[in-house]
Amino acid sequence: MAKAKKNFVCQQCGGSSPRWQGQCDDCGGWNTLVEEAAPTVFAARHDLQKGGRALVLTTLDSEVALPERAATGIAEFDRALGGGLVSGSVTLIGGDPGIGKSTLLLQTAAEMARRGLSVAYISGEEAADQVRLRARRLGLGDAPVQLASATSVRDILATMGQAGRDGAAPDLLVIDSIQTMHSDLIDSAPGTVSQVRASAQELIRFAKENGTALVLVGHVTKDGSIAGPRVLEHMVDTVLAFEGERSHQYRILRALKNRFGGTDEIGVFAMAEQGLEQVPNPSALFLTDRAESVTGATVFPALEGTRPVLVEIQALTVRLQSGATPRRAVVGWDSGRLAMLLAVLEARCGLSFANCEVYLNVAGGYRIADPAADLAVAAALVSALAERPVPSGAIFFGEVALSGEIRPVSHAQLRLREAKKLGFELAGVPANISADEGGMQLQGYRALSHYVDRVLGRG
């Protein structure tokens with residue numbers, strides 16, 4: 001009898017190895033190889049030009065109808081999706097444990113079921129009674145959602161298929177979560193690369209054939225990426241990331257991939273006693289309500305898709321005795337960009353942070369990746385170092401180059417309009433922005449040194 005071959009599969013990237021080893025050769029992950037059954041090898045015909053089915057080819061200018069969308073009843077969720085759930089689409093939503101993924105989907109399922117749509121919620125992590133009790137706490141106990149607790153893909157598809165034969169397949173099917181699903185065709189434990197891929201493939205096939213909007217909940221690894229094989233994100237139509245700190249009440253739903261819409265919109269929620277509440281004005285969530293100006297605090301109009309969000313940037317400098325090593329700590333911004341900005345302030349503006357510890361924080365736990373925040377961060381650092389507060393009614397935005405030049409940024413009018421709506425009257429901006437945009441008083445700067453000279457009163 002031939003000895004069965006061993007196959008070790010990386011649980012991060014899906015790469016395989018004939019023997020176990022501490023580090024994966026493909027992705028470099030440590031202790032990620034798990035033994036699984038060796039894949040069956042199928043022998044293909046030598047000539048693949050015969051025996052196939054002829055495809056119907058179309059042209060790019062052929063008429064095509066826009067996909068029909070079903071509103072979820074939660075406007076912020078619809079915004080992140082691009083307008084609602086598309087029939088036959090597959091959405092993968094990931095996030096940290098306890099961030100609110102199941103709560104959001106339970107609220108969505110209840111809203112859609114109350115509007116007469118057929119909704120099925122399959123939980124592989126909780127018993128049906130647990131989900132039912134949580135629904136009652138959220139005030140959703142009267143929603144006609146079909147609920148079950150199962151992990152077998154065969155049982156789930158048999159149940160959904162029976163519903164399709166007796167009537168219509170569900171309009172929405174929620175699987176919580178895909179890592180708990182198990183296919184008896186694969187000889188491996190649930191959550192492994194083979195099981196996740198096979199289970200997702202069968203569920204996606206059912207959704208496409210029956211026009212059911214399928215939503216999969218995905219676990220995440222310690223670095224925040226969705227657990228399981230990377231191919232899972234390629235198989236689905238939409239990938240959503242539910243972000244936020246558990247210590248803060250706000251949550252951000254961000255689209256990382258969307259075949260039926262853009263990936264530049266976000267939905268903002270706040271965790272409350274009755275579940276997740278929508279935040280139509282996110283700027284109020286990240287701004288500190290203060291009557292007096294504070295040193296080291298500036299306001300930056302960040303842009304998430306077409307939605308401006310005003311956030312507060314806080315800086316603190318602490319002078320040290322000579323010889324001590326200064327510390328740089330950053331929360332919510334790129335530490336490398338802070339180092340670059342400190343170098344520009346020293347080399348181009350004549351400011352010295354060599355004997356100062358520098359602490360930078362984005363209020364509310366918000367994370368900024370927009371380079372337009374450079375000027376706002378620089379203004380906060382200068383204010384903290386000089387101990388001169390920035391006017392409370394001012395905002396700042398602009399990208400700072402290594403030469404010290406302040407470069408223009410995109411969508412300046414949207415940023416100014418949002419700031420004006422919230423009562424801000426002064427804006428520090430790149431010099432090329434016209435004074436009539438947004439109806440605010442603008443102070444244009446061509447270089448960062450011009451701003452520093454103005455703050456410090458240097459001629």
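Modeller: Phe 242 and Phe 269 are both buried, where buried means under 20% relative accessible area, exposed over 50% and partly exposed in between (1.4 Å probe, protein chains only). This is a predicted model, in which local features need pLDDT of at least 70, side-chain atom pairs count only at pLDDT 80 or more, and totals for chains, interfaces and linings use all residues. Residues are numbered from 1 along each chain as its sequence is written, and side-chain values use heavy atoms, with hydrogens and water left out.

Colleague: What share of the residues in the chain is buried?

Modeller: Of the 459 residues in the chain, 46% are buried. The C-alpha atoms fill a box of roughly 85 × 55 × 50 Å along the principal axes. The secondary structure comprises 11 helices and 23 strands; these are DSSP runs numbered from the N terminus (helices H or I, at least four residues; strands E, at least two).

Colleague: How many aromatic pairs does the structure hold?

Modeller: Rings of Phe, Tyr and Trp (its six-membered ring) pair if their centres lie within 6.5 Å; planes under 30 degrees apart count as stacked, over 60 as edge-to-face and the rest as tilted. The structure holds three such pairs. The ring centres of Phe 242 and Phe 269 are 6.1 Å apart and the planes stand at 75°, so this pair is edge-to-face. It links distant parts of the chain, since Phe 242 belongs to strand S11 (residues 238–243) and Phe 269 to strand S13 (residues 266–272), 27 residues apart. For Tyr 445 and Tyr 451, the centres are 5.3 Å apart and the planes are at 85°, so that pair is edge-to-face.

Colleague: Which strands pair with S22?

Modeller: Two strands pair if DSSP finds at least two bridges between them. Strand S19 (residues 394–396) pairs with S22 in the parallel sense over three bridges, and Phe 396 has Gly 428 in S22 as its bridge partner. Strand S23 (residues 441–445) is parallel to S22 as well, over five bridges, with Pro 430 opposite Tyr 445. Strand S22 (residues 426–430) is mostly covered, as five of its five residues are buried.

Colleague: In what order do the four strands of the open sheet stand?

Modeller: Strands of a sheet pair through backbone hydrogen bonds, either parallel or antiparallel. Here the order is S15-S16-S18-S17, with mixed pairing. Strand S15 (297–304) and strand S17 (328–331) are at the edges with a single partner strand each, so one side of each has no neighbour in the sheet. Neighbouring strands are turned by 20° against each other on average, direction ignored. Within the sheet, strand S16 (residues 307–319) and S18 are antiparallel over seven bridges, and Leu 316 stands opposite Tyr 359 in S18. Helix H9 packs on the sheet and touches S15, S16 and S18, its direction making about 30° with that of S16. Such axes are lines fitted to C-alpha atoms, for helices over the stretch in contact, and angles run from 0 to 180 degrees between N-to-C directions.

Colleague: Where is Asp 370 found?

Modeller: Asp 370 is in the loop between strand S18 (356–362) and helix H9 (374–386). Its relative accessible area is 19%, so Asp 370 is buried. Neighbours within four places in sequence aside, Asp 370 is in contact (heavy atoms within 4.5 Å) with Phe 300, Leu 303, Trp 333 and Arg 415.

Colleague: Which side chain does a polar contact of 3.1 Å join to that of Asp 370?

Modeller: A polar contact is a pair of N or O atoms within 3.5 Å; within protein, one must be able to donate a hydrogen and the other to accept it, and residues adjacent in sequence count only if both atoms are side-chain atoms. The partner is the side chain of Arg 415. The side chain of Asp 370 also reaches the backbone nitrogen of Ala 372 at 3.0 Å. Arg 415, in turn, lies over the face of Phe 397, at 5.8 Å from the ring centre; the criterion is NZ of Lys or CZ of Arg within 6 Å of the ring centre and within 35 degrees of the ring normal.
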